[in-house]
Amino acid sequence: QVQLAESGGGLVQAGASLRLSCVASGRTGSIYTIQWFRQAPGKDREFVAAISWAGGATYYTDSVKGRFTISRDNAKNMIYLQMSSLKPEDTAVYYCAAGGGIASVTAMDYWGQGTQVTVSS
């Protein structure tokens, strides 16, 4: 089992930056990738970014490329999502997840409880 816990959400104005954190615990040696997803009210959960736990390769959805950066600190079992130039359309609950297939909600084996990010215009 792997446990994930997000933190760092909040209310910010458009154009601001915010850093989300996710701490992994439990059988972290079994982690293949850590990914961030988000879900806005009334919408499906969507992929944001992913990082390979071992090699550090990163992947992003097009709408956040150049604005968001995913990183990891394996020694601390921490994963970060640095978000810059935030837009109102980035408003959502952000989830940290662990699993295999990149950008696939159904491929995730473990989920955190989520952290709310609200961007005001």
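**Exercise 1.** Determine what share of the contacts in the protein with a separation of 6 or more comes from residues 24 or more positions apart.

*Solution.* Take a contact to mean heavy atoms within 4.5 Å. Among contacts with a separation of 6 or more, residues 24 or more positions apart account for 54%. The model is predicted: local features need pLDDT of at least 70, side-chain atom pairs count only at pLDDT 80 or more, and totals for chains, interfaces and linings use all residues. Residues are numbered from 1 along each chain as its sequence is written, and side-chain values use heavy atoms, with hydrogens and water left out.

**Exercise 2.** State how many helices and strands the protein has.

*Solution.* Count DSSP runs, numbered from the N terminus: helices are H or I of at least four residues, strands E of at least two. The count gives zero helices and 11 strands.

**Exercise 3.** Compare the radius of gyration of the protein with that of a compact globule.

*Solution.* Over C-alpha atoms, the globule rule is 2.2 Å times the number of residues to the power 0.38. The C-alpha trace spans about 40 × 30 × 25 Å along its principal axes.

**Exercise 4.** Locate T28 and decide whether T28 is buried or exposed.

*Solution.* T28 sits in the loop between β3 (18–26) and β4 (33–39). Buried means under 20% relative accessible area, exposed over 50%, and partly exposed in between (1.4 Å probe, protein chains only). T28 has 15% and is therefore buried. Leaving aside residues up to four places away in sequence, T28 touches W53 and N77. In the protein, buried residues make up 40% of the 121 residues.
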